[in-house]
Amino acid sequence: MSLLNNLISKASQLSIFDKQPTEKRLSKDELFCNEYHISQGETIVDECAAELAIENSFNKNLPEVPLESNLSQLRFLSGKVYLSQHFLIFRDTYDRQSGCLKLHLSMVKQLKRLPSRNYLFLLSILTYNDLRITIQFVGIRSHCEQFSYNLKTCLTKNLKATPELVPFLETLYSEFLLSKNGSSRMDIVTPPPGGLGLIFKFPGDPVKLQNRIKTKAWWNYLKRNGRNLCINSDKSFLRLINVGLPNRLRGEIWELSCGSIYDRYMNSHEYTDLLAKNQGKSSIAIDEIEKDLYRSLPEYNAYQNPEGINRLRRVLTAYSWKNPEIGYCQAMNIVVAAMLIYMSEDQAYWCLDKLCGQIIPGYYSKTMYGVLLDQKVFESLVEKTLPMMHQHFNKHDIQLSIVSLPWFMSLFLNTMPLIYAFRIMDIFFLNGPKTLLQVALAVVKINGEKLWECEDDGECIAVFKDFFHSLDEHVPDIHYKNKTRFQELLVVAFREFSHISDETFVQYRTKNRNEVISGIESYLKKAQLRKLPKTPNLKEEHLSNVYDRYVSVLNNNYVEVGSDSSVMNFKMFAKFMDGLVDWINLEEKENIAQQKSFLIKLFKNWRSDEETGLTLENIAVGMNKLMEHDLMTSISNFFEIYDVNGTGKVDRDGILQISEDLIFLTTPWRDGYLFDEITNKAIESKIAEKIVEKRKNFDSSDEISIPSEMNFDKEKWVHEQSQRYLSLTSNFLHRAFEYALPEEENVDLIELEESEGSEKKSVIANPALNPSAPVYLNLPTFRMVVLADETSELFFTRTFKQSIHLDQKVEKGSTNVRDLFNNILADGRRVAVEVRRRINSDHTSRSSEKSQGSNTGAYNEEDDDFTANDNNEDNDYLLNNAEANVLNDSIPVEKGDKAFLQHVDHQIGSDQEGEKVIDF
């Protein structure tokens, strides 16, 4: 059966099953890294079926090595164990949603092979955080031994990271929590540095949020299942996250859930090194950061204080240096500001890197393509799951994606009160971007009746704003009194829309990707063309083709259009002109030097800055000059190419260069590739003459019939035209020097000098004919020389323009989606401006309201204190209520949990009248 499944899996990857073009499939190793939220670049070294048991070795009653007689008492889980360069990962076969052990190999303190009388292959691993892991391999013995050898090899290579382990563990609150309560061998006296909440208080009331109960529940979990770099996540892990994280552990669980904790450990000095290396430097991103610092969660007091502003500035600045292609983008400040309430700067820096690089790529970029794509996915899901609402929105032309854009950009931080937005972020870091879609769909469904009465975007925004500001209000429920809107939101989002899985999310993204790309490209193309200066000599079709060719050249050279590097260098410019004009053909090596010589002059003449290349605006303005209809202006534009210094003069060398370039530019006509107007008229005249001669033999009343074919001597016409263009060049050179002006002032053309005792000196002729005398052409003289020849005049009037084919469309090849996304223009900033406007207006309204957790004062560590002997009854209520289980409907429910799943929530406290109270 496994063989059949393997064949089906491989067959599904064949191109014959592809219904539409998709982006490049991720490799097995990339999928492995994404699934387990570990560092990118890890590859699977080995994998093997196995059974695994976990014990807490801190229990002194346990023997140093598990005895064979005790193995039967262990609770083994069946699954598969994976080994990579830095990780050992176990996945439970029967609980793939939550059953997972992740062990960073640096945490291994001891590895032993256990003896067995039953020929079992057993390994025992002891970790630094007091876990003892027993692995019983299932399979061929040789494979088991090979896996054991690979594990030993990887452990040896990880020894160099061991000295960094203890200092890193001391930065984690989980280690301090267990050490303080006597559940760890590590002796940590001082709590580690944390977020701004330690100074300015965490949002919300810790008593109402049951912070102490949650901390105790996490303490119970972590001492049994490990923590940070070695942790086993099961159903209890998900439930603890679903009910909300305690303040001091929230930042650590966030980085553990998304996997940034591993990047931080393996690059422990990168953040400080980046700041030190780039201290005092400036950039465009830093200027943008400074503008938005005081707009970051203004209702939280830390961001009206230098301490909070400086932390936010350092994190955003460090990331802009790490990833200069992104630098800084709108709404990034909001998300980082939220992280810094619970995280240290180093934690927030690595969490931001994970967020932008893996979790929601493209959300915080110059084009915002990721969030725009998810808006389309959101609309598609509304159409499928809420068809009547979708029809209503279409009927009244309500743009739901515009209304919901700030939700996705700020991860609901700018729409909900902070204490509820952080609850969404708890789940988001664990489950990824599908969380945002589920919550957004729930918001639309819950407000369906009110939205049905809306007829424009403004009314919809008002409905959503009222809903978000009333999440703490109670709603009627047939089972419970005092049920809050936020609890209703969670239940609807993660139960009724639980069918939106990661696979569904990817399918909808793939389905809508091409449509989004097409729409974005069309909009951005129009926006970019509107920004161009007036080009009266170019039609709209011509500008469109110029834009397409410009983007195509940049795409082929892997340059991101709209970025700081989105300019053409000379090599790209040559490719741009190749095929667009008849006198450039890069495949012809014979006159490549002449082509390059003229193109360099054109390139320098068109660019606005000597240190940069050509922008789209430079290209459009330059092509407009080449296509100039007015003869005098056309001659002036050509003269400017050689007037490098802008003095209005072209010296002797310049005159020679013009003549050489005229020989090059007229090549298509000299070689007979093209016929100009004079030749065409001569041919037409010859045809007419032949027809007249034939008519002499017939009655003049007969109709004039034009023959369908004419045989004529092509070589003759080519020869005559070639002679004319050779004469053009020679005549130009002769007349140019004949009428060139001398550089010296007040010099007569003919000067007769006579001295005593000597014979009459020879006549000094025109200085232009003297190679040693400097001369120049000015614009009026140049025009006179051009107009003195019929072919030359016609060349600048019409012939030259006919060799430029701006009406030729660019053939768009099949470019992959990644290339298209990377080359969307930076005009996505227009949407970003709208987002900023909405964000700022929302800030203004929220700042005037009573803020959550705005009271200043130092955080008291005793707020979270508990004793090991505290009653665990509250913990049971916390883990078994329906809100905790709402994300786990697909998990088989244990018998004791079924009663709780019948209710919206379970009592955690009670009011004076004894009514059931739901408080989160």
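**Exercise 1.** State the strand order of the open sheet of nine strands and identify its edge strands.

*Solution.* The order is E5-E6-E7-E1-E2-E3-E4-E9-E8, with antiparallel pairing. Strands are DSSP runs (E, at least two residues) numbered from the N terminus, and two of them pair if DSSP finds at least two bridges between them. Strand E5 (108–114) and strand E8 (226–227) each pair on one side only, and these are the edge strands.

The model is predicted, with local features requiring pLDDT of at least 70 and side-chain atom pairs pLDDT 80 or more, while totals for chains, interfaces and linings use all residues. Residues are numbered from 1 along each chain as its sequence is written, and side-chain values use heavy atoms, leaving out hydrogens and water.

**Exercise 2.** Trace the pairing from E1 to E4.

*Solution.* 
1. Eight bridges pair strand E1 (residues 44–56) with strand E2 (residues 77–84) in the antiparallel sense; leucine 52 has leucine 77 in E2 as its bridge partner.
2. E2 and E3 run antiparallel, joined by five bridges, and a hairpin of two residues connects them. Here leucine 83 stands opposite leucine 88 in E3.
3. E3 is joined to strand E4 (residues 100–104) by five bridges, again antiparallel; isoleucine 89 has lysine 102 in E4 as its bridge partner.

**Exercise 3.** Are the faces of E3 buried or exposed?

*Solution.* Six of the six residues of strand E3 (residues 87–92) are buried, that is, under 20% relative accessible area with a 1.4 Å probe, protein chains only (exposed: over 50%; partly exposed: in between). One side carries Phe87, Ile89 and Arg91, the other Leu88, Phe90 and Asp92, and both faces are covered.

Definitions and conventions. Helices (H or I, at least four residues) and strands (E, at least two) are DSSP runs, numbered from the N terminus.
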